[in-house]
Amino acid sequence: MSQPTQVDPRGLRVVAGITAAVLAAVLAIPSEPVRIALLAVQVAVFAIAAFVGLTASPYAKFHAAVVRPRLGPPAELEDSRPPRFAQLVGLTFTAVALVALLTGATTAALVATGLALVAALLNAAVGLCLGCELYLVLRRFTPVGT
Amino acid sequence: MTGLLVLLGALAGAAAIALLLRWKNGRFTTAAMPDDRERLTADQIGVPLGERATMVQFSSAFCSPCRATRVLLADVATKVPGVVTVEIDAEENLQLVRDLDIMRTPTVLVLDATGAVTTRASGLPRREQVLGALARAVEPGQ
C-alpha cells in the first residue's frame with residue numbers, strides 16, 4: 001500500500017466531509033438499526049479506500065463524477081500515502097465502534113464514533129490529517145535498532 | 001441523548017485542535033540556554049554544516065505539510081547566503097528523533113555555525129517565521 005501515487009487534495013476534503021456527515025448522523029440518530037447500518041457502510045468505505053485505493057472509495061467516485069467536473073482540474077496534486085494512512089486510522093475507530101454497538105456497549109461505540117468524527121472534521125475543514133500527526137509519536141515507541 | 005453530547009463534544013474538540021495547531025505550526029521556540037544546547041555534527045545530519053546556519057527538517061512518509069516545508073526551506077537556503085538546509089527521514093533516524101524529543105513531522109531545527117540547536121518549530125512554517133529564526137541563529141550572543 002505504499003506506491004507514491006498522487007491524488008486531488010480537494011477530493012480528500014470532499015471525502016472527509018461526507019465521512020463527517022455520516023458519522024454525525026450516527027451520533028444524532030438515536031436508533032440502533034440506523035446506527036449499525038451507517039457504521040457498517042462507513043467501515044466498508046474506509047476499508048476500500050485503505051486497502052484498494054483512495055480513488056476506489058465510493059465517496060471519491062462521487063467527487064470524481066459530480067464535484068470535480070464543476071471545479072476544473074486541480075492546481076496541484078498530493079501524495080496519497082498520508083490520506084491513505086488516515087483512512088486506515090478511520091477504519092480502526094469505526095470498526096471498534098461497530099463491534100461495540102453490536103455487543104451492546106453503546107456508550108463506547110458513540111465515543112469511538114466521536115473520535116473518528118473529530119479526525120474527519122479536521123480533515124474536511126482545515127485539511128489536517130490527525131492520524132498522520134500521531135504517526136511519529138507511535139513510531140517512537142517501536143524498539144531501537146529497527 | 002449521549003449521542004448528541006458526543007456530537008457536541010466532537011465539534012468542540014475539532015475546533016480546539018484546529019485553533020491550537022494554527023497557533024503552534026511554525027512557531028519557533030528556544031528550548032535551552034546557550035550553554036546546554038544540543039549540538040549536531042555534520043556526520044549526524046549527513047551534510048556539512050552551513051557557514052552561518054543550517055536548517056534541519058525531520059520528515060516522514062505520512063506527512064502532507066512536509067513537501068511544502070521542504071520547498072520553502074530550499075527557497076530560503078538559496079536566497080540567504082551561508083545557510084543550507086537538509087531533510088532527514090525521521091523513521092530512519094529514530095534514535096536521533098528520541099534524543100531530540102521530536103514528536104511531529106515536519107519539525108525544523110535551526111543550527112548556528114557550530115551546530116548548536118538554537119530554535120525549533122513543528123508544522124508548516126511561514127516564510128517570515130523561518131527568516132526570523134535564521135536571523136536569531138546567526139546573531140552572536142543569542
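Predicted model: local features only at pLDDT ≥ 70, side-chain atom pairs only at ≥ 80, totals over all residues.
**Ground rules.** I count residues from 1 along each chain as its sequence is written, and chains are lettered from A in the order in which they are written. Local features need pLDDT of at least 70, side-chain atom pairs count only at pLDDT 80 or more, totals for chains, interfaces and linings use all residues, and side-chain values use heavy atoms, with hydrogens and water left out.

**Entry 1, outline of chain B.** I listed the elements and found 5 helices and 4 strands in chain B. Helices (H or I, at least four residues) and strands (E, at least two) are DSSP runs, numbered from the N terminus. Read from the N terminus, the order is α-α-β-α-β-α-β-β-α. The C-alpha trace of chain B spans about 60 × 30 × 30 Å along its principal axes.

**Entry 2, the sheet.** I traced an open sheet of 4 strands in chain B, in the order 2-1-3-4 and with mixed pairing; two strands pair if DSSP finds at least two bridges between them. Strand 2 and strand 4 (117-122) of chain B are the edge strands, each pairing on one side only. On average, neighbouring strands of this sheet are turned by 20° against each other, direction ignored. Axes here are lines fitted to C-alpha atoms, for helices over the stretch in contact, and angles run from 0 to 180 degrees between N-to-C directions.

I then took the pairs one by one. Strand 1 (residues 53-59) and strand 2 (residues 83-89) of chain B are parallel, over 7 bridges. In this pair B:Met55 stands opposite B:Thr85. Between these strands the chain passes through helix 3 (residues 65-79) of chain B, and this β-α-β crossover is right-handed: with the strands pointing away from the viewer, the path from the first strand over the helix to the second runs clockwise.

Strand 3 (residues 107-112) and strand 4 of chain B pair in the antiparallel sense over 5 bridges. Here B:Val108 has B:Ala121 of strand 4 as its bridge partner. Helix 5 (residues 127-138) of chain B packs on the sheet and touches strand 1, strand 2, strand 3 and strand 4 of chain B. The direction of helix 5 makes about 30° with that of strand 3. Contact means heavy atoms within 4.5 Å.

Most residues other than glycine have a negative phi, and most peptide bonds are trans. I looked at the loop between helix 4 (94-99) and strand 3 of chain B, where B:Pro106 lies. The peptide bond from B:Thr105 to B:Pro106 is cis, with omega near -5°. B:Asp101 is in the loop between helix 4 and strand 3 too, and has a positive phi of about 60° although it is not a glycine.

I counted 28 residues of chain B in contact with 34 residues of chain A. The two chains bury about 2,700 Å² between them, 67% of it on carbon and sulfur atoms; buried area is the accessible area (1.4 Å probe) that two parts lose on being put together, summed over both. B:Phe62, B:Arg98 and B:Met103 supply 25% of the area that chain B buries against chain A, more than any other three residues.

There are 3 salt bridges between the chains, each a side-chain nitrogen of Lys or Arg within 4 Å of a carboxyl oxygen of Asp or Glu. One of them joins B:Glu91 and A:Arg139 (3.4 Å, N to O).
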